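Here is a short briefing on a single chain. Start with the structure, then read the notes by topic.

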Amino acid sequence: MARRLRPVGADFVGTAPVRLVFAREVAAAPEAVFRALAEDVSGWSDWFSSVTLARPTADGTGREVRLRGGTRFEETVLVAEAPRIYAYRVDATNAPGIRALVEEWRLTPAGRGTCVQWTFAADGSALFRGGLTVARTGLGRAFRGAVTALDRRLAPAPA
């Protein structure tokens, strides 16, 4: 059964006990990346291999996300400032040990493309926090694969 998490705000990204930050440059423009993140929520499963289902809820102010392995999240969108920042808080999950979780996607122009920075900000039990530290490499690999797949998806079709 889903457990309710502590409701935190967007500022949690800077104060969370565990902050994992990953960045990668892509060729796509910030506007295109932002649309894929914030406006095409259902498309996440097409480019983020860990995501099996993503759909907007609450007239677009919420999200339901399911991951491979059965983890589920009910989320609230905290920030949607096109084309710079998209952030959401997990309100409920079936994953053990989590007390609070916010993910922020920050987009910065980089030449003709975008620097995509993903911050995974969390609090939880000591076991959960330790597990995140160990999982950093895998989360980074998942982020790089997802952003690379997203960039391919956003690339213009050859003429």
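Five bridges join β4 to strand β5 (residues 72-81), and the two strands run antiparallel. Strands pair here if DSSP finds at least two bridges between them. This is a predicted model, where local features need pLDDT of at least 70, side-chain atom pairs count only at pLDDT 80 or more, and totals for chains, interfaces and linings use all residues. Residues are numbered from 1 along each chain as its sequence is written, and side-chain values use heavy atoms, with hydrogens and water left out.

**Strand pairing**

- Arg63 has Glu75 in β5 as its bridge partner.
- The hairpin of β4 and β5 has four residues between the strands. Gly69 in this hairpin takes a positive phi near 95 degrees.
- Strand β3 (residues 51-57) pairs with strand β4 (residues 62-67) in the antiparallel sense, over six bridges.
- Val51 stands opposite Leu67 in β4. Thr57 has Gly62 in β4 as its bridge partner.
- β3 and β4 also form a hairpin, with four residues between them. Ala58 in that turn has a positive phi of about 50 degrees.

**Overall fold**

- The chain has four helices and eight strands. Both are DSSP runs numbered from the N terminus: helices are H or I with at least four residues, strands are E with at least two.
- The order from the N terminus is β-α-β-α-α-β-β-β-β-β-β-α.
- The radius of gyration is 15 Å, close to the 15 Å that the globule rule gives for 159 residues, so the chain is as compact as a globular protein of that length. The radius is taken over C-alpha atoms, and the rule is 2.2 Å times the number of residues to the power 0.38.
- The C-alpha trace spans about 50 × 30 × 30 Å along its principal axes.
- Residues 24 or more positions apart account for 55% of the contacts with a separation of 6 or more. A contact means heavy atoms within 4.5 Å.

**Surface and charge**

- Of the 159 residues, 43% count as buried. Buried means under 20% relative accessible area, exposed over 50%, and partly exposed in between (1.4 Å probe, protein chains only).
- The accessible surface comes to about 8200 Å², and 53% of it belongs to carbon and sulfur atoms. Areas come from the Shrake-Rupley method with a 1.4 Å probe; for residues, only the protein chains shown count as cover.
- There are 22 positive and 16 negative side chains, and the centres of the two sets lie 7 Å apart. Lys and Arg count as positive, Asp and Glu as negative; His and the chain ends are not counted. A charge is placed at NZ of Lys, CZ of Arg, CG of Asp or CD of Glu.

- Ala100 sits in strand β7 (residues 98-110). What is its burial state at 0% relative accessibility? Ala100 counts as buried.
- Ala100 touches Leu5, Arg6, Val8, Phe12, Ala121, Ala122 and Asp123, not counting residues up to four places away in sequence.
- Ala100 and Arg6 are 94 residues apart along the chain, with their C-alpha atoms separated by 5.2 Å.
- Ala2 lies in the segment before β1 (3-4). Ala2 is partly exposed, with a relative accessible area of 34%.
- Leaving out residues up to four places away in sequence, Ala2 touches Arg72, Glu74, Ala92, Thr93 and Asn94.
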